[in-house]
Each structure stands twice: as C-alpha cells, then as structure tokens.
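Subject: Structure handover

Hello,

Here is the structure I said I would pass on. Please look through it first; my notes on what was found follow below.

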Amino acid sequence: MGAITEHYRYLIDKELPQVVGASCDSVRSTGRIEVCYPGTRKAILAQVKEWATNQDPETPSMFWLHESGGAGKSAIAMSIAQWAAEDANIFGGAFFFDRQTPQCDLRSFASAIAHDLALSGLSKITSIAQALDGYRHDS
C-alpha cells in the first residue's frame with residue numbers, strides 16, 4: 001500500500017467510523033442474524049438477485065424489502081449480503097439496524113456505508129478520501 005493510499009485509509013477510518021455491531025461481518029460473527037435456511041425463500045432471493053444484477057438504467061436504484069416483524073427480512077438481507085460479497089462480487093456495504101444500539105441512526109448509516117464503499121476499491125477510496133480531505137479543509 002502506497003503512502004497516499006495509507007493516508008486515505010487513515011482518513012476513512014478516522015472520519016467515517018464503523019458502528020460496533022452494525023456491519024455485516026460483526027452481525028454475522030455474533031450469530032444474531034443468520035442467513036436463510038437452505039432451500040427457503042427462493043422466490044424473494046431470486047427477485048432481489050435479479051434486481052441487484054440488472055444493468056437496465058430504468059431499474060429502480062433501491063429495493064424496498066418490507067414485511068411484518070419476524071417474517072425473515074434480516075435473514076434475507078444477510079443472505080443477499082453474503083451472496084453479493086462472495087458470489088457476485090458486487091457488495092458495496094451493509095448496515096444492520098438494532099433498536100437497542102443507540103448509535104444506529106441515519107448519520108451512522110451514511111458513515112458506515114461510505115466507509116464500506118471506500119474500502120471496496122482503489123478508485124472509491126480515492127474519491128471518498130479526497131472528498132473528506134476537501135471537506136476538512138473547507139470547514
């Protein structure tokens with residue numbers, strides 16, 4: 001890693017802190033949210049995967065997964081996050097809200113997603129770190 005990239009990584013970690021317990025990896029490691037049981041929820045998983053990989057510019061930029069409590073939305077989200085990271089190589093970031101965690105708010109959400117995006121590729125870390133650098137100098 002070059003000196004500029006190390007500086008950018010420092011900026012990302014300092015200015016865009018991760019929320020403990022909200023990232024995909026930290027949630028998965030606690031076992032709090034599991035992926036869907038094999039063979040279940042095939043239709044909705046296929047629908048989300050189709051949306052996520054659709055290159056048509058008319059495709060909505062957001063997939064709104066809604067259902068009543070306990071229906072498995074978190075398991076679906078964890079399954080999609082795992083698929084996107086491991087199989088599709090399209091994972092940008094994830095944030096799992098927990099009502100018992102006070103730092104799970106909109107600011108933390110935006111920060112965590114920007115942090116994950118920045119670390120997903122050199123061009124993204126450069127763009128986001130330069131924006132942070134510019135913001136710090138303008139403030």
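I start with D116, which sits in helix α5 (residues 106-118). Helices here are DSSP runs of H or I with at least four residues, and strands are runs of E with at least two, both numbered from the N terminus. Before going further, note that this is a predicted model, in which local features need pLDDT of at least 70 and side-chain atom pairs count only at pLDDT 80 or more, while totals for chains, interfaces and linings use all residues. Residues are numbered from 1 along each chain as its sequence is written, and side-chain values use heavy atoms, with hydrogens and water left out.

D116 is buried but has no salt bridge. Buried stands for under 20% relative accessible area, exposed for over 50%, and partly exposed for what lies in between (1.4 Å probe, protein chains only). A salt bridge needs a side-chain nitrogen of Lys or Arg within 4 Å of a carboxyl oxygen of Asp or Glu. For D116, the nearest side chain of opposite charge is R9, at 8.7 Å. In assigning charge, Lys and Arg count as positive and Asp and Glu as negative, with His and the chain ends not counted. Leaving aside residues up to four places away in sequence, D116 touches Q18, G92, G93 and A94. A contact is a pair of heavy atoms within 4.5 Å.

On the overall build, the protein has six helices and zero strands, giving the pattern α-α-α-α-α-α along the sequence. It has 139 residues, of which 28% count as buried. Of the contacts between residues at least 6 apart in sequence, 65% join residues at least 24 apart.

Helix α3 (residues 42-53) packs against helix α4 (residues 73-86) at an angle of about 45°, and their axes are 11 Å apart. That angle makes α3 oblique to α4. Axes are lines fitted to C-alpha atoms, for helices over the stretch in contact, and angles run from 0 to 180 degrees between N-to-C directions. Under 35 degrees counts as roughly parallel, over 145 as roughly antiparallel, 65 to 115 as roughly perpendicular, and the rest as oblique. On the α3 side the contact is made by I44, L45, V48, K49, A52 and T53, and on the α4 side by I76, S79, I80 and W83.

Now to charge pairs. Side chains of opposite charge can pair when their charged atoms come close. The count of salt bridges comes to two. In one of them, D13 meets R9 at 2.9 Å, N to O. D13 and R9 both belong to helix α1 (residues 3-15) and are four residues apart, about one turn of the helix. D13 counts as partly exposed because its relative accessibility is 35%, and R9 is partly exposed at 33%. E15 forms a salt bridge with K14, where the closest N and O atoms are 3.3 Å apart. E15 is partly exposed at 30%, as is K14 at 48%.

Last, the loop between α2 (24-30) and α3 holds R41. R41 has a phi near 55°, a positive value in a residue other than glycine. Most residues other than glycine have a negative phi. R41 is partly exposed, at 32%. T40 is found in the loop between α2 and α3 too, and is partly exposed at 31%. T40 and I76 are 36 residues apart in sequence, with their C-alpha atoms 9.8 Å apart in space.

Regards
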